[in-house]
Amino acid sequence: MEEKDKKLDLLRELIRNLLKEIFKLRKIDYIIIHHTATDRDTTTFQSINNGHKKRWNGKTKSSLGYYCGYTYFIDGSGHIWQARLDTEEGAHTRGYNRRTIGIGMAGHFDREKPSKGQLNALQELLEDKMRIYGLKKSKIKLHSDFSATACPGKNMREWIHLF
Ligand SMILES: [Zn+2]
């Protein structure tokens, strides 16, 4: 093979890989919102991470080194924790863990309300992801849209309908 052909081949491969990466980045169908169904202000990322590690026998370890099945976790103070890459398979919604971003909110939103900090963080995160992945509001879902569950609670459901 001539030197020029080799260079062209390399260039083609580079473009192919680049397109693959771009496609991967765009491959998000839904953002799915959850609550932990535990006390808002005492549920920490560490406790959820440990809980999920036990629940799935360590099988949900992400490339970031966490076991938390949500892609993102928002604690009671509004701090956002990233447990896995957006394109990485999660463990939060049976049958829909691929091509979705799962956001877990600390709290039990049938009996308490999300904090202001939590809602601000959620809003920012949602707007950011909608922009990056070109998602419309109709692509933001609740766990209860996919299975028979009360998750993420009536107070969260109310907020998302106004979002
Ligand atoms: Zn859920």
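**Exercise 1.** Determine the order in which the strands of the open sheet lie, and identify the edge strands.

*Solution.* In this predicted model, 5 strands form an open sheet, and their order is β3-β2-β4-β1-β5. The pairing within the sheet is mixed. The edges are formed by β3 (80-82) and β5 (140-142), each of which pairs on one side only. On average, neighbouring strands of the sheet are turned by 25° against each other, direction ignored.

**Exercise 2.** Describe how strand β1 pairs with β4 and with β5.

*Solution.* Begin with β4. Strand β1 (residues 30-35) pairs with β4 (residues 100-105) in the parallel sense, over 6 bridges. Within this pairing, Ile32 has Gly102 of β4 as its bridge partner. Turn next to β5. Strands β1 and β5 also run parallel, and 3 bridges join them. Here Ile31 has Ile140 of β5 as its bridge partner.

**Exercise 3.** Why is β1 described as largely enclosed by the rest of the structure?

*Solution.* A residue counts as buried if 20 or more other C-beta atoms lie within 10 Å of its own. In β1, 5 of the 6 residues are buried, so the strand is largely enclosed by the rest of the structure.

Technical notes: Residues numbered from 1 in each chain as written. Predicted model: local features only at pLDDT ≥ 70, side-chain atom pairs only at ≥ 80, totals over all residues. Pairing = 2+ DSSP bridges. Helix = DSSP H or I, 4+ residues; strand = E, 2+ residues; numbered from the N terminus. Axes fitted to C-alpha atoms, helices over the stretch in contact; angles between N-to-C directions. Buried ≥ 20, exposed ≤ 12 C-beta atoms within 10 Å, placed from the backbone.
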